[in-house]
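Here is a short report on one protein structure. Please look over the sequence and the structure first.

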Amino acid sequence: MSMFQHPDYQWRETCFVYFHRDHRPQLKRVVQALEALDAGLELCNPQADERGYFESLTVVAPGNHAAMDVAYICGSEIREEAAKLVSELARADLQPDERNELQRILDCDGRFDVLHFEQIVDEDDAGEGAGDELFDPSALILVLAELSRLTKGIAVDPQSGVVL
C-alpha cells in the first residue's frame, strides 16, 4: 500500500537516487542495510522482481513522524529526465565536486524514487503547531545515504537543487 492511500500521512517531497542499473541491489540487501541503520525504521510491503532485485518498499519512521515509499524505475526516460534535471540544477556557483556529481547523473539509467511523507498530527492531541515540531527529515537523509551507498549512486533533492 502506498502512503498516498494512508489517511494519516501527507506527501512532502520526492527525492531521487540515480545509478547505473547494473548496480541495482537485491531486495534482501536493501532490507538488511536499512535494518542495520538501527534507526527505528519499520519496513513494509517489500517487493522484488522474479530474480530477487529490488522493486519497491515502504519505510515508516515512527519516531520521526515520517514515512517513505521507495520505487525502482529504469528505462530511456531516466536518461532524458536526468539530462533535464542536470540542466536545471547546473548553476554558476556549483563547486567542482558538485558539478562532477551532476555530470555522473547523465550516465545513469536506473533510479529510486523516494517519496517522503509527513505523519499528520492532530493538533488537539499534540498542541497547536506540534506537527511541525514532531516531523523530522533525518530518516529520509539516512535512507537516501544508504541507497546511494548500495547502488554507488547519487542522491538528489530536486526541489532544493541539492545533490546529497
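## Helix 1 and its cover

What covers the buried residues of helix 1? The cover includes strand 2 (42-48), strand 3 (54-61) and helix 6. Contact here means heavy atoms within 4.5 Å. Helices (H or I, at least four residues) and strands (E, at least two) are DSSP runs, numbered from the N terminus.

This is a predicted model: local features need pLDDT of at least 70, side-chain atom pairs count only at pLDDT 80 or more, and totals for chains, interfaces and linings use all residues. Residues are numbered from 1 along each chain as its sequence is written, and side-chain values use heavy atoms, with hydrogens and water left out.

The buried residues in helix 1 are L27, V30, V31, A33 and L34. They cover an arc of only 165 degrees around the axis, which puts them on the same side of helix 1. The arc is that of the directions from the helix axis to the C-beta atoms. On the other side, K28, Q32, E35 and A36 are exposed. Buried means under 20% relative accessible area, exposed means over 50%, and partly exposed lies in between (1.4 Å probe, protein chains only).

Just after helix 1, D38 has a positive phi of about 50 degrees. G52 sits in the loop between strand 2 and strand 3. G52 touches Q26 and L27, not counting residues up to four places away in sequence.

## Salt bridges

Side chains of opposite charge can pair when their charged atoms come close. The rule for a salt bridge is a side-chain nitrogen of Lys or Arg within 4 Å of a carboxyl oxygen of Asp or Glu. By this rule there are 9 salt bridges. One of them joins R12 and E118, with the closest N and O atoms 2.6 Å apart. R12 lies in strand 1 (residues 9-19) and E118 in strand 5 (residues 110-119), so the pair ties together parts that are 106 residues apart in sequence. R12 is partly exposed at 39% relative accessible area, while E118 is buried at 6%.

D109 and R21 form another salt bridge, at 3.3 Å between the closest N and O atoms. D109 is in the loop between helix 3 (96-105) and strand 5, and R21 is in the loop between strand 1 and helix 1 (27-36), so this bridge ties together parts 88 residues apart in sequence. D109 is buried at 7% relative accessibility; R21 is partly exposed at 43%. R21, R79 and D109 are linked in a network of salt bridges. Within helix 6 (residues 138-151), E146 and R149 lie 3 residues apart, about one turn of the helix. Their side chains meet in a salt bridge of 2.5 Å, N to O. E146 is buried, at 11% relative accessibility.

The side chain of R111 makes polar contacts with the side chains of E81 (2.5 Å) and D113 (2.5 Å). A polar contact is a pair of N or O atoms within 3.5 Å; within protein, one must be able to donate a hydrogen and the other to accept it, and residues adjacent in sequence count only if both atoms are side-chain atoms. Not counting residues up to four places away in sequence, R111 touches residues including F16, F19, Y72 and I78.

## Aromatic pairs

The whole structure has 6 aromatic pairs. Rings of Phe, Tyr and Trp (its six-membered ring) pair if their centres lie within 6.5 Å; planes under 30 degrees apart count as stacked, over 60 as edge-to-face and the rest as tilted. The F19 and F112 rings have centres 4.8 Å apart and planes at 50 degrees, so the pair is tilted. This pair links distant parts of the chain, with F19 in strand 1 and F112 in strand 5, 93 residues apart. Both F19 and F112 are buried. Ring pairs join F19, F54, Y72 and F112 into a cluster.

## Nonpolar cores

The largest nonpolar core has 25 residues, and F54, F112, V114 and L147 have the most contacts inside it. Helix 6 gives the most to this core, with 6 residues. A nonpolar core is a set of buried Ala, Val, Leu, Ile, Met, Phe, Trp, Tyr and Cys residues joined through side-chain atoms within 4.5 Å. A second, separate core of 13 residues includes L85, V86, L94 and I105.
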